[in-house]
Amino acid sequence: MFNSSQFTPKYFQLTGLPGLEALYPWFSFPICSTYLVALVGNILILAVIKKNISLHQPMYLFLAMLACAELGVSVSTLPTVLGIFTFGTNSICFEACLLQMFSIHSFSIMESGVLLAMSVDRFVAIYNPLRYTAILTLPRIAGTGTILGVKGVILMLPLPFLLKRLPFCGHNVLSHSYCLHSDLIQLPCGDTRPNSILGLIVTSSFGLDSLFIIISYVLILYTVLGITSREGRRKALNTCVSHICALLVYYVPMISVALVHRFMKHAAPAVRLLLANVYLLVPPVLNPIIYSVKTKQIRHGLIQIFLRRK
C-alpha cells in the first residue's frame with residue numbers, strides 16, 4: 001500500500017458523504033443526471049457559437065471560453081464522484097490524484113478569469129458601444145483566452161511536483177470526493193511551506209479577479225447612471241443580467257462553503273461535503289440554462305440545432 005522509503009501512498013482514499021453510505025444508490029441517479037446536464041449543456045453552447053457566425057462576437061466568444069472551463073471542471077471531477085456514488089470505488093492512485101488536482105484548479109482559475117473578462121466586456125459595451133468591436137478585436141479576445149489558460153497552468157504546474165517530493169508518512173485519507181490541493185497539503189509530514197506559499201498565490205489570484213469584477217461593475221453602474229433616458233439605462237443593465245446570474249451561480253456556493261467551514265465547524269461532515277460538491281457542480285449546470293433562457297441569440301441557435309436534427 002505504501003512506499004516504505006518515503007511513506008508515499010500508492011492510493012488515496014476519497015470521502016463521499018460519511019454516514020450516508022446506504023443512500024449512495026439513491027444519490028447515483030441525480031448525480032449522473034447533473035453531470036449529463038452540465039456536459040450536454042456546455043457542449044451545446046459551444047456548438048451554437050461555432051455554427052453561427054453572427055455569434056462570433058466578444059460576448060459570445062467569452063461565453064464559449066466559460067463553457068470550456070466549466071466542461072474542464074466537470075470532466076475533472078466526474079471519474080471520482082461517479083466512482084464513489086455509483087460504483088462504490090473510493091480510492092485513486094497517487095499520480096491520478098495529482099492530475100485531478102491540477103485539472104480542477106487550473107480550470108477553476110480559468111473560469112474565474114473568464115468571468116472577469118466578461119465583466120470587462122460588459123463595461124466596454126456600455127461605456128463605448130460605438131468602438132466596442134474595435135476595442136475587443138478577435139486577436140485580443142484570442143490573446144485573452146490564451147493568457148487565461150496559460151495562467152492556470154503556470155500557477156498550478158509546480159504544485160504536483162512539490163507534493164510528489166514530500167513524505168506522507170502513511171497518511172492517505174482525503175476529506176472530499178475529489179483531490180484538492182487544500183486537502184492534500186494537510187497530509188504530508190515534511191516541510192510544506194513552498195506548497196502553502198504557492199497555494200496562497202493561487203488563492204490571491206481568485207481574490208484579485210473578484211476585486212476587479214467588483215470594480216468593473218462599479219464603473220458599469222456609474223456609466224449607466226450617466227445615461228439620460230430611463231429606457232437607455234434599462235437596456236444597458238439588461239445586457240448584464242446573464243453575466244450577473246453567472247457571477248451569483250459561481251460565488252454564492254463558494255461563499256456558502258467558506259462560511260460553513262468558518263462558522264459551522266461542528267456541522268455534520270456530510271453537510272460540508274455536500275456543499276463542496278454543489279460548489280463545483282452548480283455553475284456548469286446552471287450557466288448554460290441561464291444563457292439559453294436570458295440570451296435570445298443562444299436560444300434561437302439551440303432551436304435551429306434541434307430543428308435541423310428533426
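Trainee: Which residue does the disulfide join to Cys97?

Mentor: The disulfide joins Cys97 to Cys179, with an S to S distance of 2.0 Å. A disulfide here is a pair of cysteine sulfur atoms within 2.5 Å. This is a predicted model, in which local features need pLDDT of at least 70 and side-chain atom pairs count only at pLDDT 80 or more, while totals for chains, interfaces and linings use all residues. Residues are numbered from 1 along each chain as its sequence is written, and side-chain values use heavy atoms, with hydrogens and water left out.

Trainee: Where in the chain do Cys97 and Cys179 lie?

Mentor: Cys97 is in helix α3 (residues 94–127), and Cys179 is in the loop between α6 (158–164) and α7 (181–184). Helices are DSSP runs of H or I with at least four residues, strands are E runs of at least two, and both are numbered from the N terminus.

Trainee: Is the disulfide left-handed or right-handed, and why?

Mentor: The torsion about the S-S bond of Cys97 and Cys179 is about -120°, so the disulfide is left-handed.

Trainee: And are Cys97 and Cys179 buried or exposed?

Mentor: Cys97 is buried at 0% relative accessibility, and Cys179 is buried with a relative accessible area of 0%. Buried means under 20% relative accessible area, exposed means over 50%, and partly exposed lies in between, with a 1.4 Å probe and protein chains only.

Trainee: What about Cys245?

Mentor: Cys245 is in no disulfide, and its nearest cysteine sulfur, that of Cys240, is 11 Å away. Cys245 is partly exposed, with a relative accessible area of 23%.

Trainee: How many disulfides does a search of the whole structure find?

Mentor: The search finds one disulfide.

Trainee: Changing topic, what does Arg122 touch?

Mentor: Arg122 is found in helix α3 and is buried, with a relative accessible area of 7%. Not counting residues up to four places away in sequence, Arg122 touches Met59, Tyr132, Tyr217, Ile220, Thr239 and Cys240. Contact means heavy atoms within 4.5 Å.

Trainee: Where is Gly190 found?

Mentor: Gly190 is in the loop between α7 and α8 (193–225), and at 29% relative accessibility it counts as partly exposed. Leaving aside neighbours within four places in sequence, Gly190 is in contact with Leu166 and Pro167. The C-alpha atoms of Gly190 and Leu166, 24 residues apart along the chain, are separated by 5.8 Å.

Trainee: And which residues does Leu275 touch?

Mentor: Leu275 touches Val257 and Val260, not counting residues up to four places away in sequence. Leu275 belongs to helix α11 (residues 269–294) and is partly exposed, with a relative accessible area of 26%.

Trainee: Now the overall fold: how many helices and strands are in the protein?

Mentor: The protein has 12 helices and four strands. Its C-alpha trace spans about 70 × 45 × 35 Å along the principal axes. Buried residues make up 47% of the 310 residues.

Trainee: What share of the contacts comes from residues 24 or more positions apart?

Mentor: Such residues account for 79% of the contacts with a separation of 6 or more.
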